[in-house]
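Here is a short briefing to read alongside your structure. Take a look at the fold, then come back for the notes.

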Amino acid sequence: MFKTILYIAIGGAIGSVLRYLTTVLVSKYWSSQFPLATFIANVLGCFLIGLLIGILERNNLSNSHLKWFLITGFCGGYTTFSAFGYENYSLLQGNNSILAFTYIGLSVFVGIMAVGLGLFLSK
């Protein structure tokens with residue numbers, strides 16, 4: 001069990017750092033109320049989780065330490081649903097309900113499509 005926790009922790013640390021770097025990069029080129037960095041991280045994370053699960057299953061590795069490292073650790077550290085919730089709450093509090101609901105709808109729809117695309121490409 002300790003080994004599994006270690007794999008998750010290392011993957012999570014890497015995912016978290018890449019999440020931060022995504023924000024830095026997007027902020028350098030995008031300035032708007034729409035939280036594009038979180039949107040990109042969530043969609044990319046959805047795509048990666050679909051792709052990685054498909055690859056792991058295809059190679060009979062769905063019960064391996066690699067799954068804990070990549071899926072629970074890395075993807076869990078990279079995606080940002082808590083930030084997503086806070087950003088939407090802030091948009092709603094700032095009377096930006098149209099932007100909030102656009103962000104919610106796009107995130108859910110595009111995220112689901114990205115998981116499907118990842119699974120499709122991995123097969």
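Predicted model: local features only at pLDDT ≥ 70, side-chain atom pairs only at ≥ 80, totals over all residues.

Residues are numbered from 1 along each chain as its sequence is written, and side-chain values use heavy atoms, leaving out hydrogens and water.

**Helix α2**
- Helices here are DSSP runs (H or I, at least four residues), numbered from the N terminus.
- The buried residues of α2 include Phe 39, Leu 51 and Leu 56 (buried means under 20% relative accessible area, with a 1.4 Å probe and protein chains only).
- Among the elements covering them are α1, α3, α4 and α5.
- After α2 comes Asn 60, with a positive phi near 50°.

**Aromatic rings**
- The whole structure holds six aromatic pairs (ring centres within 6.5 Å, using the six-membered ring of Trp; planes over 60 degrees apart count as edge-to-face).
- Phe 34 and Tyr 103 are edge-to-face, because their centres are 5.1 Å apart and their planes at 75°.
- Phe 34 is in the loop between α1 and α2 and Tyr 103 in helix α5, so this pair ties together parts 69 residues apart in sequence.
- Phe 84 and Tyr 103 also form an edge-to-face pair, at 5.1 Å and 65°.
- Tyr 103 is buried at 0% relative accessibility, and Phe 84 is buried at 7%.

**Charge over a ring**
- The charged end of Lys 67 sits over the Trp 68 ring, 5.6 Å from its centre (NZ of Lys or CZ of Arg within 6 Å of the centre and within 35 degrees of the ring normal).

Definitions and conventions. Buried < 20%, exposed > 50% of the residue type's maximum accessible area, 1.4 Å probe, protein only. Helix = DSSP H or I, 4+ residues; strand = E, 2+ residues; numbered from the N terminus. Contact = heavy atoms within 4.5 Å. Phe/Tyr/Trp six-rings, centres within 6.5 Å; stacked < 30°, edge-to-face > 60°.
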